[in-house]
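Biologist: I would like to learn how to read a protein model one feature at a time. Could we take each idea in general terms and then look at the case here?

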Amino acid sequence: MKIAVCEDQEEEAAWLCSTIQKWAADNKKLAEVFSFSDASSFMFSLDDNIYDALFLDIKMPGEDGVALAKRLRRMKDDVFIVFVTGEKEYIMEGYEVGAVNYLVKPVDTRKIYLCLDRIYEKADLQEPFIIIDTGEKTVKLLQKEIYKIEVFSHRLKYTTAKGEFEVYSSLKEAQKELDDNYFTTCHRGVLVNIMHIVSIGKNSLVIADDKTGFQMEVPVSRRLYNKVNDEFIQFYKQNRAEKNFMQRGEIDENPMA
């Protein structure tokens, strides 16, 4: 796990980092801990790092912790956030950003351990994701956020809920990391996410996402039409049962407990 601590008080940051490292040692877990004194230095680090958890103070110089958390959620960053702060009045905003917990200082070791236990358990239940390297930054993508992948001028172009990204790779290599139940080849050099298909015709299909307003028409090869259509029908036959399973196993109705 990669864990970030964003805390402007040096002594408190050092205590949090050492407590997290002790939790990892006590539980025989691998954990890298990174400390930042403000939001801007943390955001700068995102160019090279993807964090599993963020222990976040609220009152900091520059951008405060609540604003940083909201910015991360707008970026579709699903990092687990734990507020560790002396400010009690922002607890409702902690709910808004889906924080794992809101701990009011002074915090004892036991509470940090409980948060880390919970994060580790939830991390194992996260939806399938991939990590891509564009050469300029590293991006974590939930597979459900990927709409289409296509060969583009000797590169791959990912069209996603987070925007478009290009990487030096092959479609064959990309497919090794993807869940076959989600993705299908609809044309030479083009993969689409079945869960975003809304209609299929003989020569094209439409993919869309109501949450982002995204919509795109994608060509369908005649020789692949029957295969894609069958996979589309099968996916939606199983979709209701799969959704029920996911809700029972993953939805946390009390994220701040």
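Biologist: In which strand is Val139 found?

Modeller: This is a predicted model, and in it Val139 is found in strand E7.

Biologist: Is Val139 buried or exposed?

Modeller: Buried means under 20% relative accessible area. Val139 has a relative accessible area of 8%, so Val139 is buried. For the protein chain, 44% of the 257 residues count as buried.

Biologist: How far apart are Val139 and Thr85 in sequence and in space?

Modeller: Val139 and Thr85 are 54 residues apart in sequence, and from C-alpha to C-alpha they are 29 Å apart in space. As a scale for that value, the C-alpha trace of the protein chain spans about 65 × 40 × 35 Å along its principal axes.

Biologist: How many helices and strands are in the protein chain?

Modeller: The protein chain has seven helices and 15 strands.

Biologist: Now for empty space. How is that found?

Modeller: Rolling a probe the size of a water molecule over the atoms shows where empty space is left. In this structure the second largest pocket holds about 340 Å³ of space. Its lining has 15 residues, and those closest to the centre of the pocket are Met75, Asp77, Thr138, Val139 and Lys162.

Biologist: Which element gives the largest share of the lining of the second largest pocket?

Modeller: Strand E7, residues 138-142, gives the largest share, with three residues. By type, the lining of this pocket has seven nonpolar, two polar and six charged residues.

Biologist: What about a cavity, which the probe cannot leave?

Modeller: The structure holds one cavity of 30 Å³ or more. The volume of the largest cavity is about 30 Å³. Its lining consists of Glu127, Pro128, Gln143, Lys144 and Tyr182, which divide into two nonpolar, one polar and two charged.

Biologist: How many salt bridges does the structure hold?

Modeller: A salt bridge needs a side-chain nitrogen of Lys or Arg within 4 Å of a carboxyl oxygen of Asp or Glu. The structure holds 14 salt bridges. In one of them the side chains of Asp26 and Lys22 meet, at 2.9 Å from N to O. Both residues lie in helix H1, residues 10-26, and are four residues apart, about one turn of the helix. Asp26 is partly exposed at 43% relative accessible area, and Lys22 is partly exposed at 48%.

Biologist: Which parts does the salt bridge of Glu145 with Lys162 tie together?

Modeller: The closest N and O atoms of Glu145 and Lys162 are 4.0 Å apart. Glu145 lies in the loop between E7 and strand E8, and Lys162 in the loop between strand E9 and strand E10, so the pair ties together parts that are 17 residues apart in sequence. Glu145 is buried, with a relative accessible area of 11%, whereas Lys162 counts as partly exposed at 26%.

Biologist: Are Glu150 and Lys157 buried or exposed?

Modeller: Glu150 counts as buried at 15% relative accessibility, and Lys157 counts as buried at 14%. These residues form a salt bridge, with their closest N and O atoms 4.0 Å apart. Elsewhere, salt bridges that share partners join Glu7, Glu12, Asp57 and Lys105 into one network.

Biologist: Last, the surface. Which residues form a nonpolar patch there?

Modeller: Ile91, Met92 and Tyr95 form a nonpolar patch on the surface, and together they have about 290 Å² of accessible area. Met92 is found in helix H4, residues 91-96. Exposed means over 50% relative accessible area; Met92 has 54%, so Met92 is exposed.

Technical notes: Residues are numbered from 1 along each chain as its sequence is written. This is a predicted model: local features need pLDDT of at least 70, side-chain atom pairs count only at pLDDT 80 or more; totals for chains, interfaces and linings use all residues. Side-chain values use heavy atoms; hydrogens and water are left out. Patches are made of residues with over 30% relative accessible area and no salt bridge: like charges are joined within 9 Å, nonpolar side chains (Val, Leu, Ile, Met, Phe, Trp, Tyr) within 5 Å. Accessible areas come from the Shrake-Rupley method with a 1.4 Å probe; for residues, only the protein chains shown count as cover. Helices (H or I, at least four residues) and strands (E, at least two) are DSSP runs, numbered from the N terminus. Buried means under 20% relative accessible area, exposed over 50%, partly exposed in between (1.4 Å probe, protein chains only). On a 1 Å grid over the protein atoms alone, a cavity is a set of points where a 1.4 Å probe fits but cannot get out, and a pocket is an open set with protein on both sides within 12 Å along at least five of seven lines; lining residues have an atom within 4 Å of a point. Grid points are joined across faces, edges and corners, and a volume is the space filled by probe spheres set on the points. Ala, Val, Leu, Ile, Met, Phe, Trp, Tyr, Cys and Pro count as nonpolar, Asp, Glu, Lys and Arg as charged, and the others, Gly among them, as polar.
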